[in-house]
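Please consult the sequence and the model shown here alongside the text.

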Amino acid sequence: MTERSESENDAYVRAVHDKGLAFDLGTMSRRRMLAVLGGTGAIALAGGAVMSGGTAEAATATTGCLEEVESETAGPFPADGSNGIDVRTVSGVVRSDIRRSFGASTTKAGGVPLSFSLVVRDLDCKPLAGAAVYVWHCDREGRYSLYSNGVTEENYLRGIQVTDRFGRVTFTSVFPACYTGRWPHIHFEVYSSLTDATSGAGPIRKTSQIAFPEDVADRIYAEAPGYEQSVANMERITLASDMVFGDDLAAREMATIVGDPRFGYVSLLVITVDPTAVEEPGGGMPPGGPGGPGGPSGPPPSGPPPTASPSATA
């Protein structure tokens, strides 16, 4: 696409400002697309609108009052102290760009750029400002840092952010793989404050997961390098057969997402939580029971996410 002059671009924006985010991202130049995706909260999504700064409150209000998001397992690889290391207490974990490891390593996870936002509300649909959100997910090879073979010395794709006055956090990351037995997803935990999240003491107010639409995942896996294994894994899984999202097809956990595999994606999920709730570390009983992988008496898992059975992974 040919770059427009500043005056031409201003006229263009006035002409198409009401066509929605999907149109905007589809017509952006590569430079402008990467500038948007490189930001930390400058853009988010709600009802097909682009929003920035003070307009976020009005845009997210269009989603209406939502039922509380489901509580889900944290899986065997949370690194929240419930199964091995507690990365939440490590200096450097509070960041918006989670693509690189921090500390002894600075390895950067490869993949299609993804800027994803969570807007957190209380049971009265008011923004939950000042809360902390810890997120983590697998890389494009389906590996979890700190646990999987080849990345046990890495801690990338993990981070904590504090919600702003709109209840929003935004992370810069990469689109996760589809590994055997699980739909593409991102894990998260919600805390009342940054102190609660980084002290290791909690309490955890909500543990849940973000799901992504099938058509978006299929396109990324088919077109972007490094995701080859995800193509076959997506062919063997459906939302209905997924161990986490299967009960309601991710009705309150499915993110809205737009973009392109060449430049990246922007996504949003608006959730409702009970800020007074107290949830057990690990999101409840881990797969395999108390002595299974990730259980209180089980050893920290090693190697890549299990591939033998959907019931073995989370």
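Buried means under 20% relative accessible area, exposed means over 50%, and partly exposed lies in between (1.4 Å probe, protein chains only). The model is predicted, with local features requiring pLDDT of at least 70 and side-chain atom pairs counting only at pLDDT 80 or more, whereas totals for chains, interfaces and linings use all residues. Residues are numbered from 1 along each chain as its sequence is written, and side-chain values use heavy atoms, with hydrogens and water left out.

**Nonpolar cores**

- A nonpolar core is a set of buried Ala, Val, Leu, Ile, Met, Phe, Trp, Tyr and Cys residues joined through side-chain atoms within 4.5 Å.
- The largest such core has 40 residues, of which Phe-175, Ile-210, Ile-220 and Ile-271 touch the most other members.
- At least two residues of this core come from each of strand 3 (113–121), strand 4 (132–136), strand 6 (168–174), strand 7 (185–191), strand 8 (204–211), helix 6 (214–223) and strand 10 (264–272); helices (H or I, at least four residues) and strands (E, at least two) are DSSP runs, numbered from the N terminus.
- Another core, of 19 residues, lies apart from it and includes Phe-77, Trp-136, Tyr-147 and Ile-160.
- Ile-271 is in contact (heavy atoms within 4.5 Å) with Val-69, Leu-118, Val-119, Val-120, Arg-121, Phe-188, Val-190 and Arg-252, leaving aside residues up to four places away in sequence.

**Aromatic pairs and a charge over a ring**

- Rings of Phe, Tyr and Trp (its six-membered ring) pair if their centres lie within 6.5 Å; planes under 30 degrees apart count as stacked, over 60 as edge-to-face and the rest as tilted.
- Eight aromatic pairs are found in a search of the whole structure.
- Phe-77 and Tyr-147 form an edge-to-face pair, because their ring centres are 5.3 Å apart and their planes stand at 70°.
- This pair joins distant parts of the chain, 70 residues apart: Phe-77 lies in the loop between helix 4 (56–61) and strand 3, and Tyr-147 in the loop between strand 4 and strand 5 (158–162).
- Phe-77 is buried at a relative accessible area of 3%, and Tyr-147 is buried with a value of 3%.
- Phe-116 and Phe-171 are stacked, because their ring centres are 5.5 Å apart and their planes at 25°.
- Phe-116 is buried, with a relative accessible area of 1%, and Phe-171 counts as buried at 1%.
- Phe-77, Tyr-144, Tyr-147 and Tyr-179 are linked by ring pairs into a cluster.
- The charged end of Arg-182 sits over the ring of Phe-245, 5.3 Å from its centre; the criterion is NZ of Lys or CZ of Arg within 6 Å of the ring centre and within 35 degrees of the ring normal.

**Cysteines**

- A disulfide is a pair of cysteine sulfur atoms within 2.5 Å, and by this rule the count is one.
- Cys-65 and Cys-125 form the disulfide, with their sulfur atoms 1.9 Å apart.
- The disulfide is right-handed, because the torsion about its S-S bond is about 85°.
- The two cysteines are 60 residues apart, with Cys-65 in the loop between helix 4 and strand 3 and Cys-125 in the loop between strand 3 and strand 4.
- Cys-65 is exposed, because its relative accessible area is 58%.
- For Cys-138, the closest cysteine sulfur is that of Cys-178, at 8.5 Å, too far for a bond.
- Cys-138 is buried at a relative accessible area of 0%, and Cys-178 is buried at 1%.
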